[in-house]
Every structure is written in structure tokens, then in C-alpha cells.
Amino acid sequence: RVLPPSPARRPPVLAGALVPGFLGFGNRGDLAYFGHVHAFLRAAYAARGLDPVLHVVRTSPTASLPRRAVRVLETLHADAGDDAPIHLSGHSSGGLDCRLLLTPGVTLPTPIPVEPIAARVTAVATVATPHRGTPVAAFFSHRLGGQPLAIRRAACRDRV
């Protein structure tokens with residue numbers, strides 16, 4: 001008779017979330033946004049005796065940061081288990097999504113409580129994240145750049 005490994009010998013479980021950037025996606029046909037990263041992290045964690053459960057967060061590619069942070073929260077709430085430590089990896093604006101989720105006292109448009117999930121995050125890695133903003137975002141926050149956005153909002157309202 002073969003016995004299952006004792007709990008003391010099982011590798012610790014770790015929940016990991018890979019968060020894509022602006023215009024990012026989970027998969028498009030055979031193209032996986034985090035395909036090579038997923039394989040690398042799985043092997044790197046296993047080499048350190050950890051059993052990772054990795055999730056690619058399916059954010060809306062052009063949503064606002066609060067809405068994208070909610071998608072990260074929803075993914076972790078649904079799939080990260082009850083007590084496993086969480087590691088977040090965000091690419092480009094995905095790093096901003098992670099940072100917003102972990103901001104103390106943040107209020108996000110969701111009934112899911114943020115703090116219990118955020119308290120389990122033990123590591124965050126951001127890659128090519130514009131922590132100090134971008135020229136494009138700066139342009140649209142000024143008067144001249146706000147005009148195309150106002151026209152777009154009006155066009156969207158007219159279609160409804």
C-alpha cells in the first residue's frame with residue numbers, strides 16, 4: 001500500500017498571479033502573454049521546494065486601474081485558496097494594478113473585502129511598470145488632451 005506524503009513533506013503551496021499590462025490579455029489563439037514566464041516561475045519555485053498555483057489574471061485590456069485591480073482581487077478571491085501566501089507579478093500597467101490593490105485603505109468598486117487578500121501578499125514584482133506615469137497619460141490629463149476624451153465619452157453616450 002502506498003501512503004500519501006505526510007503534510008510535513010509536502011511542498012508549501014503558494015498562489016501566484018501574473019497581471020498583464022494595458023492592452024494585455026491571457027491568451028490569443030496560440031499566443032500566451034505570460035507563456036514563457038509561467039513556465040520559468042513554475043520551475044524556479046519548484047527548485048526552491050514550493051508548489052506554485054499560478055493564475056493569469058484576465059483583466060479588461062483598456063479598463064481603468066480600479067476596475068483592473070478588482071479583476072486581480074476577484075481572481076485571487078476565487079482561486080488563491082484560503083491561506084496560501086500570494087506573490088504578484090505585474091507587467092507594465094499590471095504592476096500599477098497590483099500596487100493599487102495593495103494600497104492601504106484603498107476602496108475598490110467591489111463587495112469583495114480587499115484587506116484579507118492584500119494581507120496575504122508576501123511579494124510583488126513589477127516589470128516595466130510606469131510608477132511615475134507616462135507621457136501619454138500626462139497628455140490626456142491636460143486640457144488639450146482632455147478634448148479627444150470628451151468627444152469619445154459623448155460619442156459613447158450617444159450610442160446608448
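## Pro-52 in strand β4

Pro-52 is found in strand β4 (residues 51–56), where strands (E, at least two residues) and helices (H or I, at least four) are DSSP runs numbered from the N terminus. With a relative accessible area of 3%, Pro-52 is buried; that term denotes under 20% relative accessible area, exposed denotes over 50%, and partly exposed lies in between (1.4 Å probe, protein chains only). Its C-alpha atom is separated by 5.7 Å from that of Val-13, 39 residues away along the chain. Apart from neighbours within four places in sequence, Pro-52 is in contact (heavy atoms within 4.5 Å) with Leu-14, Arg-42 and Tyr-45.

## Basis of the model

This is a predicted model, in which local features need pLDDT of at least 70 and side-chain atom pairs count only at pLDDT 80 or more, whereas totals for chains, interfaces and linings use all residues. Residues are numbered from 1 along each chain as its sequence is written, and side-chain values use heavy atoms, with hydrogens and water left out.

## Overall architecture

The protein chain contains six helices and six strands, arranged along the sequence as β-β-β-α-β-α-β-α-α-β-α-α. Of its 160 residues, 32% count as buried. Among contacts between residues at least 6 apart in sequence, 72% join residues at least 24 apart.

## Helices α2 and α3

Helix α2 (residues 65–79) packs against helix α3 (residues 93–101) at an angle of about 75 degrees, with the axes 8 Å apart; axes are lines fitted to C-alpha atoms, for helices over the stretch in contact, and angles run from 0 to 180 degrees between N-to-C directions. The two helices are therefore roughly perpendicular, a class that spans 65 to 115 degrees, with angles under 35 counted as roughly parallel, over 145 as roughly antiparallel and the rest as oblique. On the α2 side the contact includes Leu-65, Arg-68 and Val-72, and on the α3 side it includes Ser-93, Asp-97 and Leu-101. The residues of this contact divide into nine nonpolar, two polar and two charged (Ala, Val, Leu, Ile, Met, Phe, Trp, Tyr, Cys and Pro count as nonpolar, Asp, Glu, Lys and Arg as charged, and the others, Gly among them, as polar).

Helix α3 is mostly covered, seven of its nine residues being buried. These buried residues pack against β1 (13–19), α2, β5, α4 (115–118) and β6. Within α2, Thr-75 is buried at 8% relative accessibility. Setting aside residues up to four places away in sequence, Thr-75 touches His-55, Val-57 and Ala-80.

## The second largest pocket

About 160 Å³ of space lies in the second largest pocket. On a 1 Å grid over the protein atoms alone, a pocket is an open set of points with protein on both sides within 12 Å along at least five of seven lines, and lining residues have an atom within 4 Å of a point. The lining comprises Phe-34, His-36, Val-37, Phe-40, Leu-41, Ser-89, Gly-90, His-91, Ala-125 and Val-127. Two or more residues come from each of α1 (35–47), β5 (86–91) and β6 (121–127), and α1 gives the most, with four. By class, the lining has six nonpolar, four polar and no charged residues.

## Positive phi angles

Most residues other than glycine have a negative phi. Ser-92, in the loop between β5 and α3, has a positive phi near 55 degrees and is partly exposed at 21% relative accessibility. Ala-128, in the loop between β6 and α5 (135–140), has a positive phi of about 55 degrees and is exposed at 60%.

Technical notes. 1 Å grid on protein atoms, 1.4 Å probe; cavity = no way out; pocket = protein on both sides within 12 Å on 5 of 7 lines; lining within 4 Å. Points joined across faces, edges and corners; volume = space filled by probe spheres on them.
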